[in-house]
Amino acid sequence: MTQEEKNSILIIGGGLIGLSIAYEFARNNFRVLVLSKNRNESAGFVAAGMLATHAEGLEDELLKFGQESQSLIPRWIKSIEKDSGIKCGLKQCGIVVPFKNKKDLEEYPTYKYGKYLNQQDLHAEIKGINTVWKHGLFFEQDGQIDNRRRLMRALERACSLNGVEFQEGSEVKDLILENNKLTGATVLYATGEIKKINCKKAILCSGAWSKKIFNKIPIFPVKGQMLSIQGPTNFLKRVIFGPKTYLVPRDDGLIIVGATVEKNSQFNPGNTPKGIKELQEGIRSLLPEAINWPQMEHWWGFRPCTPDLQPILGKSEIENLFLATGHYRNGVLFSAITSDLLFKLVQNKSLKEKEKSFLEKFKLNRFKI
Ligand SMILES: Cc1cc2nc3c(=O)[nH]c(=O)nc-3n(C[C@H](O)[C@H](O)[C@H](O)COP(=O)(O)OP(=O)(O)OC[C@H]3O[C@@H](n4cnc5c(N)ncnc54)[C@H](O)[C@@H]3O)c2cc1C
């Protein structure tokens, strides 16, 4: 194997996770090829961008995974911003989870990581919050990134400037194996042309579509509809994470409102009247006056979900095929640690105990297929 072959990697899927991993390899002088069916359908362009390890109430290994990723994010983003010249809108703005009764608050899985807010504190923290909310948990350590307008573009640019080759409109239809060893992929191009591409190692990062390439991956799409409203700048400073709806304020007053959770959606595209109504009711239930603020956009996308709601990371049973998928609701949060971990694993670098433990917990064969 030549040095060039040794230091090359194929990334299947140019969404958030594919780009994050491509960037990690490229900045470490690998030759990287990204095959991307359709960048515009990537959930990376859909997400609200919350870094909500604690506000989401993650538990056990997933909580540690989120905390570890959150600790890597500032340096990781700094590097992407430096290489791309694009600011990503990373803000440790804090996230407030409101409650109607104290029992629910005390039973929240990450209760001990938050600061208790009584009704007066809650209303001081979030001007205009609906008076039905009597208590709150404030997670000062949580925050957000502007993935939709900034991070995705920044990653694409940082990848390109570090030499990553993109083939947009190229759908991997099949993996080519010899004696259970990956040697390439059959690719259908948007032009209708079909080609075989050779590779030494590949990482499958195809999000909600992963099962179509490798049917042992038990992933299914969970659709989320979103919209945005334009509020006054600086009116809302914290993210409000309600039980059904969240409001994520960007610096320019734009508020991202999310999201429906549609488990039986399959890949049905589009916003629906029911979905938009649910989001509008969510706005009213959290911040009543915001219902009159102008609606700017609406969109939708597909979260890559697994039966236990945890990602699938690491080696597959096919030699030289690695997996990084199933990030469900927290792919933005998990992107930094996923790229770091996959780079170390593919490179056979020594891993810390906690990294080994993540790979053990999130391995594919925890599912009996
Ligand atoms: C409504 C919604 C809100 C969310 N909010 C948040 C949030 O606030 N915080 C957070 O951390 N996470 C959030 N997420 C989750 C996050 O967006 C996802 O976990 C993350 O984007 C997954 O990244 P991915 O690269 O695996 O998939 P994607 O970003 O979807 O990318 C997959 C890519 O693979 C390509 N692909 C598929 N099949 C093939 C093939 N055969 N060949 C080549 N390419 C292929 C697709 O075209 C796509 O571009 C949200 C998701 C949704 C839908």
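This note walks through a few strands, helices and contacts in the structure above.

1. Before you start, remember that this is a predicted model, in which local features need pLDDT of at least 70, side-chain atom pairs count only at pLDDT 80 or more, and totals for chains, interfaces and linings use all residues. Residues are numbered from 1 along each chain as its sequence is written, and side-chain values use heavy atoms, with hydrogens and water left out.

2. Let's begin with strand β1 (residues 8–12) and strand β2 (residues 31–36). Helices (H or I, at least four residues) and strands (E, at least two) are DSSP runs, numbered from the N terminus. β1 and β2 run parallel and are joined by five bridges; two strands pair if DSSP finds at least two bridges between them. Ser8, for instance, has Arg31 in β2 as its bridge partner.

3. On its way, the chain forms a right-handed β-α-β unit from β1, helix α2 (residues 16–26) and β2. Right-handed means that, with the strands pointing away from the viewer, the path from the first strand over the helix to the second runs clockwise.

4. β2 also pairs with strand β8 (residues 165–168), in the parallel sense and over four bridges. Here Leu33 stands opposite Glu165 in β8. Five of the six residues of β2 are buried (under 20% relative accessible area, with exposed over 50% and partly exposed in between, using a 1.4 Å probe and protein chains only).

5. Is Leu204 buried or exposed? Leu204 counts as buried because its relative accessibility is 0%. You will find Leu204 in strand β12 (residues 202–204). Leaving aside residues up to four places away in sequence, Leu204 touches several others, including Ile12, Phe214 and Leu323; contact means heavy atoms within 4.5 Å.

6. Now look at helix α3 (residues 60–84) and helix α9 (residues 331–346), which pack at an angle of about 85° with their axes 7 Å apart. Axes are lines fitted to C-alpha atoms, for helices over the stretch in contact, and angles run from 0 to 180 degrees between N-to-C directions. α3 and α9 are therefore roughly perpendicular to each other (angles of 65 to 115 degrees; under 35 is roughly parallel, over 145 roughly antiparallel and the rest oblique). Among the residues that meet are Phe65 and Trp76 in α3 and Phe334 and Leu341 in α9.

7. Finally, an open sheet of three strands has the order β9-β10-β11, with antiparallel pairing. Its edge strands are β9 (170–178) and β11 (194–198). Five bridges link strand β10 (residues 181–189) with β11, and Ala185 has Ile197 in β11 as its bridge partner.
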